[in-house]
Amino acid sequence: MYLLGLIGYPLGHSFSQRYFSEKFAREGIQGVEYALFPLPDLRALPQWLAQHPHLIGFNVTIPHKQAIVPYLHRLDPVAQTIGAVNTVVVLPDGSLSGYNTDAEGFRQALLAWLQAEGASLSSWRNAEALILGTGGSAQAVAYALRQLGIAYRFVSRYPKTSDGLNYRDLDAPHLWERVALIVNTTPVGMYPDIDECPPLPLHHLRARHWVFDLIYNPAETLLLRGAKSQGARATNGLEMLFRQAEAAWAIWRTALPTLASS
C-alpha cells in the first residue's frame with residue numbers, strides 16, 4: 001500500500017483527503033491511500049517521515065509552505081523561484097524533492113473563471129491585482145500573475161517591501177480605479193472561523209472588480225459575500241484545489257515509476 005498525505009496545521013478545513021479518496025475510487029486506482037497528518041511543528045518532520053515508511057509523497061499547506069524548503073534535498077525550478085512548496089516526492093532513497101502546483105492551479109482556475117464569465121485577460125492589461133497576504137500561497141499567486149502579464153501589489157498588516165501596501169492604504173479611492181483583481185491568500189474567514197473577513201474596504205468594490213478567495217471551506221466566505229453585495233464578481237478556491245491536486249498527482253506518477261504502473 002502506497003501512502004500519500006497532507007501536512008499542515010490545522011487541517012479541519014481541508015477537502016484534500018476526500019478529493020483523492022473519491023478520485024482513487026472513481027478511476028479504479030488501487031493500492032494508494034491519502035491521509036491527513038496535522039503537524040503543528042515542522043521540527044517533527046524527520047520523526048514523522050520515519051514513522052511512515054510507505055510514504056511516497058505529500059502535500060504541504062499552511063503554515064509550512066515556505067518553512068519546509070530547508071528540509072528538502074532538491075527543488076523544482078518553479079518552486080525555487082516561488083520560494084514555497086506544496087507538493088513533495090519522497091524518493092526511494094529517502095530524499096525529498098519539492099514542487100509547487102499552487103501557481104499552476106491558480107493560473108488554470110483564473111483563466112477558467114474568466115472564460116466562464118465571457119471575459120479575457122486583455123481587459124486587465126493596464127490594471128493591477130491586489131494580493132492579500134505574503135505567505136507561500138501569495139508567492140505562488142504572484143508567480144502565476146507574472147506569467148499572465150498582470151501587475152500586482154501585496155497587501156498585509158506589515159508590508160515587507162517598499163511597494164507593499166498596508167490595509168490602511170486601501171482606503172484611498174484612486175487606488176481602486178486601477179485595481180481589477182483582488183486575491184485573498186490569507187486563511188482569514190476559513191473554517192471554523194467563518195465569521196472573520198480580511199480588513200478590505202468592501203465599499204470601494206464595483207462591478208468591474210473580480211475577487212478570488214483561495215479559501216474553499218466555507219464555499220462562500222464573508223469576503224465573497226461582501227464582494228457580491230457590491231456587484232463584484234467573486235469565486236472561491238475550490239477549482240484551484242482540484243487543479244493543483246491533479247498537478248500534484250501527475251508529479252507523483254512521473255517521479256515514481258512504480259506508482260505510475262499502479
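The model is predicted, so local features need pLDDT of at least 70 and side-chain atom pairs count only at pLDDT 80 or more, while totals for chains, interfaces and linings use all residues. Residues are numbered from 1 along each chain as its sequence is written, and side-chain values use heavy atoms, with hydrogens and water left out. Helices (H or I, at least four residues) and strands (E, at least two) are DSSP runs, numbered from the N terminus.

**Helix 1**

- Helix 1 covers residues 16-26, and its buried residues are Ser 16, Tyr 19, Phe 20, Lys 23 and Phe 24. Here buried means under 20% relative accessible area, exposed means over 50%, and partly exposed is in between (1.4 Å probe, protein chains only).
- Look down the axis of helix 1 and those buried residues fall within an arc of 125 degrees, so they line one face of the helix. That arc is taken from the directions from the helix axis to the C-beta atoms.
- As a reminder, an α-helix has 3.6 residues a turn, so residues three or four places apart point the same way.
- What do the buried residues of helix 1 pack against? Their partners are strand 1 (2-8), strand 2 (32-38), strand 3 (55-60) and helix 8 (238-255), with contact meaning heavy atoms within 4.5 Å.
- Just after helix 1 comes Gly 28, with a positive phi of about 65 degrees.

**Salt bridges**

- There are twelve salt bridges in the structure, each one a side-chain nitrogen of Lys or Arg within 4 Å of a carboxyl oxygen of Asp or Glu.
- Asp 41 pairs with Arg 43, with the closest N and O atoms 2.6 Å apart. Asp 41 is partly exposed at 32% relative accessible area, and Arg 43 is exposed at 68%.
- Lys 65 and Asp 102 also form a salt bridge, their closest N and O atoms being 2.7 Å apart. Lys 65 sits in the loop between strand 3 and strand 4 (74-75) and Asp 102 in helix 4 (residues 102-116), so the pair ties together parts that are 37 residues apart in sequence.
- Are the two members of that pair buried or exposed? Lys 65 is buried at 11% relative accessibility, and Asp 102 is buried at 4%.
- Glu 117 meets Arg 233 in another salt bridge, at 3.2 Å from N to O. Glu 117 is in the loop between helix 4 and strand 7 (128-132) and Arg 233 is in strand 12 (residues 233-235), so this pair links parts 116 residues apart in sequence.
- Both ends of that pair are partly exposed: Glu 117 has 38% relative accessibility and Arg 233 has 31%.
- Lys 23, Arg 26, Glu 27 and Glu 246 are joined in a network of salt bridges.

**Cis peptide bonds**

- Tyr 9 and Pro 10 are joined by a cis peptide bond with omega about -5 degrees. Pro 10 is in the loop between strand 1 and helix 1.
- Asn 217 and Pro 218 are joined by a cis peptide bond too, with omega about 15 degrees. Pro 218 is in the loop between strand 11 (210-213) and helix 7 (222-229).

**Around Thr 134**

- Thr 134 is found in the loop between strand 7 and helix 5 (136-148), and is buried at 19% relative accessible area.
- Leaving aside residues up to four places away in sequence, Thr 134 touches Gln 66, Gln 139, Phe 154, Ser 156 and Lys 160.
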